[in-house]
Amino acid sequence: MQRTLVLLKPDAVRRGLVGAILSRFEQRGLRIVALEQRVIDGAQADRHYAEHVERDFYPPLRDFVTSGPLVALVLEGDSAIEVVRGINGATDGRKAAPGTIRGDLSLSNRENLVHGSDSPESAEREIAIWFPGL
Ligand code: ATP
């Protein structure tokens, strides 16, 4: 059994896609362990995206993820990290395969609706940031 940290980014909340996206994870058999809607500040964004803070694309990404409520959750299941990244699809919505969240619902490289931890180490780090004590 594995856990992963998922974000439904502000575009998902603004577009009213929270229920539809959660359904995809639940229908696949993943279990919601924790879930909370939050508005985050820049410091929280910097902690989450520590590996990207120096990148050219980071300032607009920071503005985007702090632009309104997002939903943070922890999902649990067999191979949850890889399964969630498969359900999410490729980073750039324009290139993501049909049938994935991004491939069906996004046309953007930045406003791509979801985040999923990319490794067991990232999942542990991110779960500690978003849900300390879990
Ligand atoms: P996530 O980590 O959100 O699941 P990912 O692992 O597919 O996405 P990363 O390369 O870790 O993608 O980038 C993190 C986030 O930064 C992306 O989800 C996207 O919102 C944004 N991003 C990445 N590359 C670009 C880019 N070239 N231009 C704009 N935004 C980008």
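**Figure 1. The whole chain at a glance.** Over residues 1-134, the chain is 42% helix and 19% strand, and its end C-alpha atoms are 15 Å apart. Helices (H or I, at least four residues) and strands (E, at least two) are DSSP runs, numbered from the N terminus. This is a predicted model: local features need pLDDT of at least 70, side-chain atom pairs count only at pLDDT 80 or more, and totals for chains, interfaces and linings use all residues. Residues are numbered from 1 along each chain as its sequence is written. In an unreviewed UniProt entry, residues 1-134 are listed as "domain: Nucleoside diphosphate kinase-like". UniProt positions are given in the numbering used here, feature names are shortened, and annotations may be inferred rather than shown by experiment.

**Figure 2. The open sheet.** Let's look at the strands. Four of them form an open sheet in the order β2-β3-β1-β4, with antiparallel pairing. Two strands pair if DSSP finds at least two bridges between them. At the edges stand β2 (31-38) and β4 (114-116); each has a single partner strand, so one side of each is left without a neighbour in the sheet. On average, neighbouring strands of this sheet are turned by 15° against each other, direction ignored. Helix α5 packs on the sheet and touches β1, β3 and β4, and its direction makes about 30° with that of β1. Axes here are lines fitted to C-alpha atoms, for helices over the stretch in contact, and angles run from 0 to 180 degrees between N-to-C directions.

**Figure 3. Bridges to β3.** Strand β3 (residues 70-77) runs antiparallel to β2 and is joined to β2 by seven bridges. Among the bridge partners, glutamate 36 goes with alanine 72 of β3, and alanine 34 with valine 74 of β3. β1 and β3 also pair in the antiparallel sense, over seven bridges; here threonine 4 has leucine 75 of β3 as its bridge partner. In a regular strand the side chains alternate between the two faces of the sheet.

Figure 4. For "binding site", the unreviewed UniProt entry lists Lys9, Phe57, Arg85, Thr91, Arg102 and Asn112. Lysine 9 lies in the loop between β1 (2-8) and α1 (10-14). Is lysine 9 buried or exposed? Lysine 9 counts as buried because it has 22 C-beta neighbours inside 10 Å. The cut-offs are 20 or more other C-beta atoms within 10 Å for buried, 12 or fewer for exposed, and in between for partly exposed, with C-beta atoms placed from the backbone. Leaving aside neighbours within four places in sequence, lysine 9 is in contact with Val65, Leu70, Leu113, Val114 and His115; contact means that the C-beta atoms, placed from the backbone, lie within 7 Å. Threonine 91 sits in the loop between α5 (80-88) and α6 (101-105) and, with 15 C-beta neighbours inside 10 Å, counts as partly exposed.

**Figure 5. Around the ligand.** Which residues surround the ligand? They are Phe57, Leu61, Thr91, Asn109, Arg110, Asn112, His115, Gly116 and Asp118, where a residue is near a molecule if its C-beta atom, placed from the backbone, lies within 6 Å of it. By class, this shell has two nonpolar, five polar and two charged residues. Ala, Val, Leu, Ile, Met, Phe, Trp, Tyr, Cys and Pro count as nonpolar, Asp, Glu, Lys and Arg as charged, and the others, Gly among them, as polar.

Conventions: Contact = placed C-beta atoms within 7 Å.
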